[in-house]
Amino acid sequence: TAEVVISASSPVSRFTDPRRLASRTFHPSSFAAPAKDLQGRISAWWQVDLGEHRRLFCNYYTMRQDASENYPRDWQLQGSQDGTTWLTLRTHTDDCTMVRPGQFHSWEVDLEA
């Protein structure tokens with residue numbers, strides 16, 4: 001069976017270890033370092049590849065703030081079946097939900113919107 005593969009825009013370090021992204025236990029971590037997207041914009045990303053024969057039905061997702069005080073405010077949750085064509089499932093703009101290190105929150109994914 002294929003394993004789940006997690007990658008990021010930054011190299012692996014003690015703060016960006018991909019195994020921590022999928023952990024149920026809180027570990028201090030950090031955002032992925034910035035990289036340029038296909039349009040040349042600066043962005044940071046994490047990618048979770050479930051493998052060829054797996055699909056995910058996502059109606060909610062949860063994000064946990066790292067141990068820093070650099071709180072995410074603008075981001076998108078995207079999905080892809082081929083790793084090339086991406087569908088935006090939810091967009092966050094000036095989202096001030098998370099305000100404490102280690103805090104987590106869940107958001108609904110409205111695929112009808």
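Student: Which residues does Gln103 touch, not counting residues up to four places away in sequence?

Tutor: Gln103 touches Met63, Arg64, Gln65, Thr97 and Met98. Keep in mind that this is a predicted model.

Student: Where does Gln103 lie?

Tutor: Gln103 lies in the loop between strand 7 and strand 8, and strand 8 covers 104–108.

Student: Why is Gln103 called buried?

Tutor: Its relative accessible area is 16%. Buried means under 20%. Gln103 is therefore buried.

Student: Asp94 lies in the loop between strand 7 and strand 8. What makes Asp94 exposed?

Tutor: Asp94 has 56% relative accessibility. Exposed means over 50%. Asp94 therefore counts as exposed. Its backbone deserves a look as well: phi of Asp94 is near 50°, a positive value in a residue other than glycine.

Student: Now strand 7. Why does His92 count as buried?

Tutor: His92 is found in strand 7, residues 87–92. Its relative accessibility is 4%. The cut-off for buried is under 20%, so His92 counts as buried.

Student: Which residues does His92 touch, leaving out those up to four places away in sequence?

Tutor: His92 touches Tyr61, Arg73, Asp74, Trp75 and Trp107.

Student: How do you know that the side chains of His92 and Asp95 make a polar contact?

Tutor: The contact that joins the two side chains is 2.7 Å. The limit is within 3.5 Å for a pair of N or O atoms. The value for His92 and Asp95 therefore meets the distance limit.

Student: Thr88 is also found in strand 7. Why is Thr88 called partly exposed?

Tutor: Thr88 has 34% relative accessibility. Buried is under 20%, exposed is over 50%, and partly exposed is in between. Thr88 therefore counts as partly exposed.

Student: What is Thr88 in contact with, leaving aside its neighbours within four places in sequence?

Tutor: Thr88 is in contact with Gln76, Leu77 and Gln78. The side chains of Thr88 and Gln78 are joined by a polar contact of 3.3 Å. Thr88 and Leu77 are eleven residues apart in sequence, and their C-alpha atoms are 6.0 Å apart in space.

Student: On to strand 6. What makes Gly79 partly exposed?

Tutor: Gly79 is in strand 6. Its relative accessible area is 23%. Buried needs a value under 20% and exposed one over 50%. Gly79 therefore falls in between, as partly exposed.

Student: Which residues is Gly79 in contact with, beyond its neighbours within four places in sequence?

Tutor: Gly79 is in contact with Thr85, Trp86, Leu87 and Leu89. Gly79 and Cys58 are 21 residues apart in sequence and 9.5 Å apart in space, C-alpha to C-alpha.

Student: How many aromatic pairs does a search of the whole structure find?

Tutor: The search finds two. Trp75 and Trp107 form one of the pairs, at 5.4 Å centre to centre with 70° between the planes.

Student: Why is the pair of Trp75 and Trp107 called edge-to-face?

Tutor: Ring centres must lie within 6.5 Å, and planes over 60 degrees apart count as edge-to-face. At 5.4 Å and 70°, Trp75 and Trp107 therefore form an edge-to-face pair.

Student: What does the pair tie together?

Tutor: Trp75 lies in strand 6 and Trp107 in strand 8, so the pair ties together parts that are 32 residues apart in sequence. Ring pairs link Tyr61, Trp75 and Trp107 into a cluster. Trp75 is buried, and Trp107 is buried too.

Student: Which residues make up the largest nonpolar core?

Tutor: That core has eight residues: Cys58, Tyr61, Trp75, Leu77, Leu89, Met98, Trp107 and Val109.

Student: How many helices and strands does the protein have?

Tutor: It has one helix and eight strands. From the N terminus on, the order is β-α-β-β-β-β-β-β-β. Buried residues make up 20% of the 113 residues.

Student: Where is confidence lowest, and where is it highest?

Tutor: Strand 2, residues 35–36, is lowest at a mean of 66, and strand 8 is highest at 92. The mean pLDDT of the protein is 79, and 82% of its residues reach 70 or more.

Conventions: Residues numbered from 1 in each chain as written. Predicted model: local features only at pLDDT ≥ 70, side-chain atom pairs only at ≥ 80, totals over all residues. Heavy atoms only, no water. Helix = DSSP H or I, 4+ residues; strand = E, 2+ residues; numbered from the N terminus. Buried < 20%, exposed > 50% of the residue type's maximum accessible area, 1.4 Å probe, protein only. Polar contact = N/O pair within 3.5 Å; in protein donor to acceptor, adjacent residues only side chain to side chain. Contact = heavy atoms within 4.5 Å. Core = buried A, V, L, I, M, F, W, Y, C linked by side-chain atoms within 4.5 Å. pLDDT = per-residue confidence, 0-100. Phe/Tyr/Trp six-rings, centres within 6.5 Å; stacked < 30°, edge-to-face > 60°.
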